[in-house]
There are 2 protein chains.
Amino acid sequence: MSEDYHMDPEAFRRHAHELIDWIIDYLERRVDDLPVRSQVEPGEIRSRLPEDPPSKGDPFEAILRDVDDILLPGITHWQSPDFFAYFPANASYPAILGEMLSAGLGVQGMLWATSPACTELETHVLDWLVRILDLPGRFLSTGTGGGVIQDSASSATLCALLAARERATDLESNRRGVDRPLVAYASSQAHSSVEKAAGIAGIGKENLRLVDVDGSFAMRPDRLAAQIAEDRANGRVPFFVCATVGTTSSNAIDPVKEIGGLCRQEGLWLHVDAAMSGTAAVCPEYRFIHRGLELADSYCFNPHKWMFTNFDCDAFYVADRASLIRALSILPEYLRNRATESGAVIDYRDWQVPLGRRFRALKLWFVLRHYGIEGLQHHVRRHVDLAQQFRTWVEADDRFELTAPAPLNLVCFRHRGGDDINRELMERLNASGDLYLTHTVLDGAFTLRLCVGQTRTESTHVDSAWERIRTVATEIDPGMR
Amino acid sequence: MSEDYHMDPEAFRRHAHELIDWIIDYLERRVDDLPVRSQVEPGEIRSRLPEDPPSKGDPFEAILRDVDDILLPGITHWQSPDFFAYFPANASYPAILGEMLSAGLGVQGMLWATSPACTELETHVLDWLVRILDLPGRFLSTGTGGGVIQDSASSATLCALLAARERATDLESNRRGVDRPLVAYASSQAHSSVEKAAGIAGIGKENLRLVDVDGSFAMRPDRLAAQIAEDRANGRVPFFVCATVGTTSSNAIDPVKEIGGLCRQEGLWLHVDAAMSGTAAVCPEYRFIHRGLELADSYCFNPHKWMFTNFDCDAFYVADRASLIRALSILPEYLRNRATESGAVIDYRDWQVPLGRRFRALKLWFVLRHYGIEGLQHHVRRHVDLAQQFRTWVEADDRFELTAPAPLNLVCFRHRGGDDINRELMERLNASGDLYLTHTVLDGAFTLRLCVGQTRTESTHVDSAWERIRTVATEIDPGMR
């Protein structure tokens, strides 16, 4: 502790080295042995923390010791290669370096003027991603569109819905409040964030129509068309559709082309949420997922899910940036500056809900430069292949069945023995700590989900997962094998 | 580059060490010499970046070289001790270590179950902050309240407004949309985020009343009362007041006690935004800023502004967490889990707009443990003293005048020669790169703002700033000295 209470630079260097060693040891060794899902009970971690805040400072050694002793048992290891739950939030060393640099620079990117490089690098790497994924050119910043990093797809969906709301009401909603019966649409399988956004934006959750899906859990355009017609007939104002490319439940891919055609015809804003699956488009052979995307007004996917970029990093695009900015812009005197007034710059504050923003483009830039397109393709193909291998095992085992198509890296499956057995199976597997997977309900049936996307998941981990699943299934129901 | 395209652990260790050296060299040496405000023109940074994304990976050395050569000229140095602009976004070595660990663990804190320690440490350190700042006990998680980390005060204000909206409409707004003429209130000096939140939430910016202020730029409770009465008389539904403790323009402190009394009487939700100034309450002598806070329904301040904790870290409190959760909760099947259903845990997803969340409590915990209350008090006192010293210099110089009271660490002042001279003065100072300050307009007059809060700002930096201001003022207007 230096005299002025700051950590002196030499102490920081030493502690940073200790922490880097800790991180490497954690990711390369410990995470393989720790139970993937934390095994603690509610309140257990907190009960080990001292009630009173420290009056005097503690040495860093004591803090790092408490990380091990107190916090680590309460960590569910998203970076474990045996993590197959939810969608991944994968990460990588280059991204960690990017986060470190962002923390070291400590700049604010709310305006171009508050750090031009923070804004310009972000615009640039988001244009790169348009090329890398072969997204429609209308999302490039060099035209009327452009990209921005949001914290999450939830926030991207909210921003899309707000831009759509304002476009549909000639900015009257922003100014006067929501004054007409607006109606939004998504499939019954869409992410809960669409419903949350409808609530937040003053549209009302009741005015989000959850459109029926087909046997593959993809939105039915005929049902969407019928619903829109019915709403119009009832004097309501349809304005927004959220299509999903890779639903959270089952990786279902809505028919964007058909939905987009309908949206054009009806004058509705089309947002496409490809939170996890969007990354697949780094490989030409998976670009079918984006068929029809040229009809979308906005689009998002999360490099923080499957592109080795630490959370938070959602890439959100609009085809007409002016409509987004009109919905979210506020310019108080204390933020006025020449660059903003020149109109020659992007102020990302007007592209998001919060004002302040970190330099998140750095980690994405580090990842893209480290891996190159080639490296990203290698790992995405690898993950899809592993999931497809798993799919064939499920198909070949009489005790199990697939519950949804598995177009990419998520396999939905269940034991044929019924919901209770599947619940028990999942709970035993997760309680063992050997792997972690989560569930959903499809057509009313409790379904297990296995998603392959963690950075260091290899075939051995997927092999073991299947072996464990089969073994535990036998333990639960020895008669059926 | 290892065979599988990942960065191997030894390479990561080496590059992390290089980067730590880079950060230390940046913060200890280079940042003192670099122009505080970036001097680049719009598009300049981007023009140096290659148009095409990399097909093959680049070595880290090349990336770090580009940070120096391409990005650094485009950085406005928020961590410079000569940064007096806006509000600070100060940072510290312990916070950087916290960010590193958060990146290394790479966990998601959306649910308690997705990493119990992430949730429980957050709840715990936010309770610590209640004690450290001597905030009202109703914000403690051990009662009916509790705290959560938001990315920014903008998001906190939005969440407060949404909780208030739902309380005022019995959750009808969430369900059916905003269906009655709700009215919100803040002073004419309140942060632009209140207006932005009113737009987002479907209330309408027109339905945010900007209440008149007194000579100190603080909200006039009599005017607030009159406005509420007028709105009620016109059939409108007042529901929300945002009071500010330390406005962005001039650090004005609204009379929370009087406003709170009125809100109680009228049944309105009171949110108190103390984004920067809240930190001052670590020192008992500055706790006057929170007088009346026990009447607030919600409160926020930003450790990422003045408490040495890297952005993003806004501490947001509610007295009745149930009302916040009711406004923001969504529970799809794929997120269901036993812990959530037991009701024994906090799922912070229901306390914020996005779903996903980083482990941000770590950096705050590192800061509180490293500095202790004593260390925080030392630096806050130091910053306030430096600002007050600056204030006396302004008062003693005939050419300058104060334009607002300076209760803490922000001094608003202007040259008596008129707006053009002040504009010219600011532009020359900022263009010189020697220091960075920004402006506001108070009572119609262009006003300079000098805010002392950067981690490493010492008396020499404030001395130099004043010396530079006087010198440049003389250059502009040699007659007047």
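Me: Which strands of chain B does helix α14 (residues 361-396) of chain B lie across, and at what angle does the helix run to β9(B)?
Reply: Happy to start there, keeping in mind that this is a predicted model. Helix α14 of chain B lies across β8, β9 and β11 of chain B. Its direction relative to β9(B) is about 20 degrees.

Me: In what order do the four strands of that open sheet in chain B stand?
Reply: The pairing in this sheet of chain B is antiparallel. At the edges are β8 (400-402) and β10 (438-442) of chain B, each of which pairs on one side only. From one strand to the next, the twist averages 40 degrees. The order is β8-β9-β11-β10.

Me: What is the bridge partner of B:C412 in β11(B)?
Reply: Strand β9 (residues 410-415) of chain B and strand β11 (residues 445-451) of chain B run antiparallel, joined by four bridges. B:C412 has its partner in β11(B), and that residue is B:R449.

Me: At what angle to β11(B) does helix α15 (residues 419-432) of chain B run?
Reply: Helix α15 of chain B lies across β9, β10 and β11 of chain B. Taken against β11(B), its direction makes an angle of about 35 degrees.

Me: Why is one side of β8 and of β10 in chain A left without a neighbour in the sheet?
Reply: Chain A has an open sheet of four strands in the order β8-β9-β11-β10, with antiparallel pairing. The twist there averages 40 degrees from one strand to the next. One side of β8 (400-402) and of β10 of chain A has no neighbour in the sheet because each stands at an edge with a single partner strand.

Me: Which residue in β9(A) is the bridge partner of A:F400?
Reply: β8(A) and β9(A) pair in the antiparallel sense, with three bridges between them. For A:F400, the partner in β9(A) is A:H415.

Me: Which helix of chain A packs on the sheet, touching β9, β10 and β11?
Reply: Look for a helix whose direction makes about 35 degrees with that of β11(A). The helix that touches β9, β10 and β11 of chain A spans residues 419-432 and is α15.

Me: How many of the seven residues of strand β11 (residues 445-451) of chain A are buried?
Reply: A residue counts as buried if 20 or more other C-beta atoms lie within 10 Å of its own. By that test β11 of chain A is mostly covered, and the number of buried residues is six.

Me: Which residue in the turn between β10(A) and β11(A) has a positive phi?
Reply: β10(A) and β11(A) form a hairpin with two residues between them. The residue in the turn with a positive phi, about 50 degrees, is A:D443.

Me: Are helices α5 and α14 of chain A parallel, perpendicular or oblique to each other?
Reply: The axes of α5 (residues 116-132) and α14 (residues 361-396) of chain A come within 9 Å and cross at roughly 40 degrees. The crossing is left-handed. α5(A) and α14(A) are therefore oblique.

Me: How many residues in the contact of α5(A) with α14(A) are nonpolar, polar and charged?
Reply: On α5(A), the contact is made by A:C118, A:L121, A:E122, A:V125, A:W128 and A:I132. On α14(A), A:A361, A:L364, A:W365, A:L368 and A:I373 take part. The division is ten nonpolar, no polar and one charged.

Me: Which residue in β7(B) is the bridge partner of B:Y299?
Reply: Both faces of strand β6 (residues 298-301) of chain B are covered, with B:S298 and B:C300 on one side and B:Y299 and B:F301 on the other, all buried. β6(B) pairs with strand β7 (residues 314-318) of chain B in the antiparallel sense over four bridges. The partner of B:Y299 is B:Y317.

Me: Which helix gives the largest share of the side of chain A that touches chain B?
Reply: In total, 122 residues of chain A are in contact with 122 residues of chain B. The side of chain A has 61 nonpolar, 41 polar and 20 charged residues. Its largest share, 13 residues, comes from residues 9-33 of chain A, helix α1.

Notes. Residues are numbered from 1 along each chain as its sequence is written. Chains are lettered from A and ligands numbered from 1 in the order in which they are written. This is a predicted model: local features need pLDDT of at least 70, side-chain atom pairs count only at pLDDT 80 or more; totals for chains, interfaces and linings use all residues. Axes are lines fitted to C-alpha atoms, for helices over the stretch in contact, and angles run from 0 to 180 degrees between N-to-C directions. Angles under 35 degrees count as roughly parallel, over 145 as roughly antiparallel, 65 to 115 as roughly perpendicular and the rest as oblique. A crossing is left-handed if the near helix is turned anticlockwise from the far one by less than a right angle, and right-handed if clockwise. Two residues are in contact if their C-beta atoms, placed from the backbone, lie within 7 Å. Ala, Val, Leu, Ile, Met, Phe, Trp, Tyr, Cys and Pro count as nonpolar, Asp, Glu, Lys and Arg as charged, and the others, Gly among them, as polar. Two strands pair if DSSP finds at least two bridges between them. A residue is buried if 20 or more other C-beta atoms lie within 10 Å of its own, exposed if 12 or fewer, and partly exposed in between; C-beta atoms are placed from the backbone.
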